Amino acid sequence: KKTDISKTDFLTNYRMSLDKLGLKADSISEITVSDSKGNGCTFLIKDNNTLIIIGGGTFFELARKTS
């Protein structure tokens with residue numbers, strides 16, 4: 001499921017500003033992935049080469065590795 005979150009809603013939901021994540025945008029795309037049992041994760045799309053995963057209140061940046 002894809003949801004676009006405004007910078008105001010992001011601040012409210014995650015208690016973190018998009019600016020602190022290095023984003024100057026007014027919104028960010030949130031993707032929620034789950035299996036039929038409800039197990040899954042949520043990640044944010046920072047740009048075409050970078051995702052952000054949130055775990056335990058910590059933001060982890062995943063960068064695409066090219067060879």
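**Figure 1. Order of secondary-structure elements along the chain.** Read along the sequence of this predicted model, the protein chain follows the pattern β-α-β-β-β-β, and its secondary structure comes to 1 helix and 5 strands. The C-alpha atoms fill a box of roughly 35 × 35 × 20 Å when taken along the principal axes. Among contacts in the protein chain between residues at least 6 apart in sequence, 25% join residues at least 24 apart. The accessible surface comes to about 5000 Å², and carbon and sulfur atoms account for 48% of that area.

Figure 2. Of the 67 residues of the protein chain, 21% count as buried. The largest nonpolar core has 9 residues, namely Ile-5, Phe-10, Leu-18, Leu-21, Leu-23, Ile-28, Leu-44, Ile-52 and Phe-59. When residues up to four places away in sequence are not counted, Ile-28 touches Thr-3, Asp-4, Ile-5, Phe-10, Leu-18, Leu-23, Leu-44 and Ile-45.

**Figure 3. The salt bridge between Lys-46 and Glu-61.** A search of the whole structure finds 1 salt bridge, in which the side chains of Lys-46 and Glu-61 meet at 2.8 Å, N to O. The pair links distant parts of the chain, with Lys-46 in strand β3 (residues 40–47) and Glu-61 in strand β5, 15 residues apart. Lys-46 has a relative accessible area of 22% and is therefore partly exposed, since this value lies between the limits of under 20% for buried and over 50% for exposed residues.

**Figure 4. A nonpolar patch on the surface.** Ile-45, Leu-51 and Leu-62 form a nonpolar patch on the surface, and together they present about 200 Å² of accessible area. Leu-62 is found in strand β5, which covers residues 58–63, and with a relative accessible area of 39% Leu-62 is partly exposed. Ile-45, a member of this patch, is also among the residues touched by Ile-28, and Ile-28 itself belongs to the largest nonpolar core.

**Figure 5. Lys-37 in the loop between β2 and β3****.** Lys-37 has its place in the loop that lies between β2 (27–34) and β3. Lys-37 counts as exposed because its relative accessibility is 72%, the limit for this class being over 50%. Lys-37 and Leu-51 are 14 residues apart along the chain, and their C-alpha atoms are separated by 24 Å; Leu-51 is one of the residues of the nonpolar patch on the surface.

Definitions and conventions. Residues are numbered from 1 along each chain as its sequence is written. This is a predicted model: local features need pLDDT of at least 70, side-chain atom pairs count only at pLDDT 80 or more; totals for chains, interfaces and linings use all residues. Side-chain values use heavy atoms; hydrogens and water are left out. Patches are made of residues with over 30% relative accessible area and no salt bridge: like charges are joined within 9 Å, nonpolar side chains (Val, Leu, Ile, Met, Phe, Trp, Tyr) within 5 Å. Accessible areas come from the Shrake-Rupley method with a 1.4 Å probe; for residues, only the protein chains shown count as cover. A salt bridge is a side-chain nitrogen of Lys or Arg within 4 Å of a carboxyl oxygen of Asp or Glu. Helices (H or I, at least four residues) and strands (E, at least two) are DSSP runs, numbered from the N terminus. Buried means under 20% relative accessible area, exposed over 50%, partly exposed in between (1.4 Å probe, protein chains only). A nonpolar core is a set of buried Ala, Val, Leu, Ile, Met, Phe, Trp, Tyr and Cys residues joined through side-chain atoms within 4.5 Å. Contact means heavy atoms within 4.5 Å.
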